[in-house]
Amino acid sequence: MQSPPRTGKTVVMAEIAKRATDRGNAVCFIIHRREVLEQAKATFQEQGVDPDLLEAGMVQSLTRHVDAMYPPEVILIDEAHHALAKSYMWDKKRKGTI
């Protein structure tokens with residue numbers, strides 16, 4: 001989804017994550033800036049996302065422990081235009097899709 005800053009994109013992603021975790025699905029939320037991560041985590045908590053089924057972090061942190069992560073059914077990427085960067089390819093490599 002594309003929308004100007006401060007228009008509720010994180011709230012929409014949190015709602016998607018809530019609906020997924022309500023069904024028992026694991027969610028991975030990937031973000032590229034630490035400052036925004038804490039705000040996003042607060043939004044996900046406010047929306048009622050099950051924290052036991054949510055892995056949220058910066059791409060650099062998540063790539064260091066990808067093998068220990070529960071495989072997510074839903075992957076949400078903040079600032080998705082970054083998703084083509086080499087550092088974001090960890091999950092595709094892990095799943096053998098590239």
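This is a predicted model: local features need pLDDT of at least 70, side-chain atom pairs count only at pLDDT 80 or more; totals for chains, interfaces and linings use all residues.
**Entry 1: the end of α1**

I started where α1 stops: Gly 24 follows α1 and has a positive phi, near 85 degrees. Helices here are DSSP runs of H or I with at least four residues, strands are E runs of at least two, and both are numbered from the N terminus. Residues are numbered from 1 along each chain as its sequence is written, and side-chain values use heavy atoms, with hydrogens and water left out.

Then I looked at α1 itself. Its 14 residues reach 20 Å from the first C-alpha to the last, close to the 20 Å expected at 1.5 Å a residue. The expected span is 1.5 Å times one less than the number of residues.

**Entry 2: which side of α1 is buried**

I listed the buried residues of α1: Lys 9, Met 13, Ala 14, Ala 17, Ala 20 and Thr 21. Seen down the axis, the buried residues of α1 fall within an arc of 130 degrees, so they line one face of the helix. For the terms, buried is under 20% relative accessible area, exposed is over 50%, and partly exposed is in between (1.4 Å probe, protein chains only). The arc is that of the directions from the helix axis to the C-beta atoms.

What do the buried residues of α1 pack against? I found β1, α2 and β3. Contact means heavy atoms within 4.5 Å.

**Entry 3: salt bridges**

I went looking for side-chain nitrogens of Lys or Arg within 4 Å of a carboxyl oxygen of Asp or Glu, which is what a salt bridge means here. The count comes to two salt bridges.

Glu 15 bridges to Arg 19, with 2.8 Å between the closest N and O atoms. The two sit four residues apart in helix α1 (residues 9–22), so about one helical turn separates Glu 15 and Arg 19. Glu 15 is partly exposed at 27% relative accessibility.

Asp 22 bridges to Lys 18, and there the closest N and O atoms are 2.7 Å apart. Asp 22 and Lys 18 are also four residues apart in α1, about one helical turn. I noted Asp 22 as exposed, at 51% relative accessible area, and Lys 18 as partly exposed, at 23%. The background for this spacing: an α-helix has 3.6 residues a turn, so residues three or four places apart point the same way.

**Entry 4: α2**

I checked the length of helix α2 (residues 34–46) next. Its 13 residues should span 18 Å at 1.5 Å a residue, and the end C-alpha atoms are 19 Å apart, which agrees.

Which residues of α2 are buried? I got Val 36, Leu 37, Ala 40, Thr 43 and Phe 44. They cover an arc of only 125 degrees around the axis, which puts them on the same side of α2. The face turned away from that buried side carries the exposed residues Arg 34, Glu 35, Gln 39, Gln 45 and Glu 46. The buried residues of α2 pack against α1, β1 (27–31), β2 (54–58) and β3 (74–77). After α2 comes Gly 48, with a positive phi, near 90 degrees.

Thr 43 counts as buried at 16% relative accessibility. Leaving out residues up to four places away in sequence, Thr 43 touches Thr 10, Val 11 and Ala 14. Thr 43 and Val 12 are 31 residues apart in sequence, and 9.9 Å apart in space, C-alpha to C-alpha.

**Entry 5: the sheet**

Three strands make an open sheet in the order β2-β1-β3, with parallel pairing. The edge strands are β2 and β3, each pairing on one side only. Two strands pair if DSSP finds at least two bridges between them.

β1 and β3 pair in the parallel sense over four bridges, and I saw Phe 29 standing opposite Leu 76 in β3. α1 lies across β1 and β3, and runs at about 170 degrees to β3. α2 packs on the sheet too, touching β1, β2 and β3, and its direction makes about 160 degrees with that of β2. Those angles run from 0 to 180 degrees between N-to-C directions, with axes as lines fitted to C-alpha atoms, for helices over the stretch in contact.
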